[in-house]
Amino acid sequence: MYMPLMQDQGLADHLTQLGPVLYTCAAHVTEGSFEKTDISLSQIKSLTSIVDGPLQRLSLIIADSLARRLLCPVQGFSGALIHPSDYFEQPILQTARCNLANLSPYISTGFATINRAILEAMENEKVVHIVDLSCSTSHPRQWIKLLREFHGRQGGPPGVRLTVVHDNNGFLADMRSLLSKEADMLKIPFQFNHVIGRLETLGFNNLRNTLNIKYGEAVAISCSLQMHRLLVVDNNMSCSGIGQLQKMANIAQLKKMASSVYSPTSTLNYPQTPSPQCQTPKLLASFLNAIRALKPNIMLVMEQDANHNALLFCDRFVEALNYYAALFDSLHAVAGANPQRADERARVERMILGEEIKNILVCEGVHRHERHERLSQWAMHMNRSGFDHVPLSFRAIWEGYQKLMSFGLNGCQNKVENDCLLLCWGSTHLYSISAWRPHKGSSSGSREHMLVQQQHQII
């Protein structure tokens, strides 16, 4: 398990006990033992009550998730868990989303890298259409900076059309106002379009009309932290013989980890297991086929780089514990350097990351939509769906690195893997950024015959 470095050795030793107790609790939950789970939950509560810290706060969220999972066999319980958009007040939820974008060094870095890749792909275009499929991760700051970069482009800025998919009308109205004012100030022809909804609720059969994409225009697709929601499959086999074997494997592995001996000063990483999927799920395949038909100049994908889509609960539990321990530690470091932002950090942990953890650990089948996968798995999905990898340029990677380093946190790291960018906290991978375009032979509407008309069109 990821363990933040501690100056107080006694506190570090105490925190190290959390790992085995959490694994033991998960094993008891998998066994279905209410009595043993109650004892473990009491131990977790005792260990987290000493002092407030990122690992303690994460442990309480995981303990809550394990308690909920224990109740999952109760008929209808899993399906009764509702999306946070439905029980958090919309303004507060939207504030938490914006807090995450503002606090996280990685999202800001992703925006900078993606913007540079778009600028390079649209270098000679007179009219560009940017489609923001980042939904809840979308932030006007990303596009304000892109407009300013376009303004400084040699030869003058292009006309810009921006289509944003989001589930909040108020957010979209504010975004339209901010970006329209910025474009007017920069004297850039600008049109803002929006689609109400989430990525997984879009109709992929007629995506061109839904996104108002015109034949022949240059298109850039940006999709941050959303595509994993299209990996949903109904793989809940708890009532089958295979399900019983999986349960036994879960218990054995969790008990083994609970009995391991840990060093209080080390980062405890367990072997990463590959995603079990041997083919691209239908929903993701339909989406990528629809995107390929649009023939975008470039598609940028940012995703959580973790294996939270494993079929076995024990694999997901290990991965989630390591991943979110590092992520909580990074946000704790940001708020530590800016104490006035502690409330923002707490809101993000509870309303955004806490809900992700709950979904990963509690839900199964079609109810589990936080199905994060690693970069290699995304490359497989993209290649199978007719996309070629586009290497990120040195400048795009460098600008991302400069943005990451601007936060002044020693733990922030980046790695280049197969010309993609991995963003890390220490040695733990947190996010991946990659670029794609359809295979050259992909079929779609002709682009060339519309170029002249598009160049003379006033948006």
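How much accessible surface does the chain have, and what share of it belongs to carbon and sulfur atoms? In this predicted model, the accessible surface comes to about 19,300 Å², and carbon and sulfur atoms account for 54% of that area.

As for the overall build, the chain contains 18 helices along with nine strands. Of its 459 residues, 55% count as buried. Contacts can also be sorted by how far apart the partners sit in the sequence. Among contacts in the chain with a separation of 6 or more, 82% come from residues 24 or more positions apart.

On the outside, one spot worth a look is a nonpolar patch on the surface, formed by Phe34, Leu71 and Val74. Phe34 belongs to helix α3, which covers residues 34-47.

Arg316 tells another story. This residue is part of helix α14, which spans residues 313-337. Is Arg316 buried or exposed? Its relative accessible area is 0%, and because anything under 20% counts as buried, Arg316 is a buried residue. The side chain of Arg316 reaches the backbone oxygen of Ala310, at 3.1 Å. Ala310 also turns up among the contacts of Arg316 once neighbours within four places in sequence are set aside.

Terms used:
Residues are numbered from 1 along each chain as its sequence is written. This is a predicted model: local features need pLDDT of at least 70, side-chain atom pairs count only at pLDDT 80 or more; totals for chains, interfaces and linings use all residues. Side-chain values use heavy atoms; hydrogens and water are left out. Patches are made of residues with over 30% relative accessible area and no salt bridge: like charges are joined within 9 Å, nonpolar side chains (Val, Leu, Ile, Met, Phe, Trp, Tyr) within 5 Å. Accessible areas come from the Shrake-Rupley method with a 1.4 Å probe; for residues, only the protein chains shown count as cover. A salt bridge is a side-chain nitrogen of Lys or Arg within 4 Å of a carboxyl oxygen of Asp or Glu. Helices (H or I, at least four residues) and strands (E, at least two) are DSSP runs, numbered from the N terminus. Buried means under 20% relative accessible area, exposed over 50%, partly exposed in between (1.4 Å probe, protein chains only). Contact means heavy atoms within 4.5 Å. A polar contact is a pair of N or O atoms within 3.5 Å; within protein, one must be able to donate a hydrogen and the other to accept it, and residues adjacent in sequence count only if both atoms are side-chain atoms.
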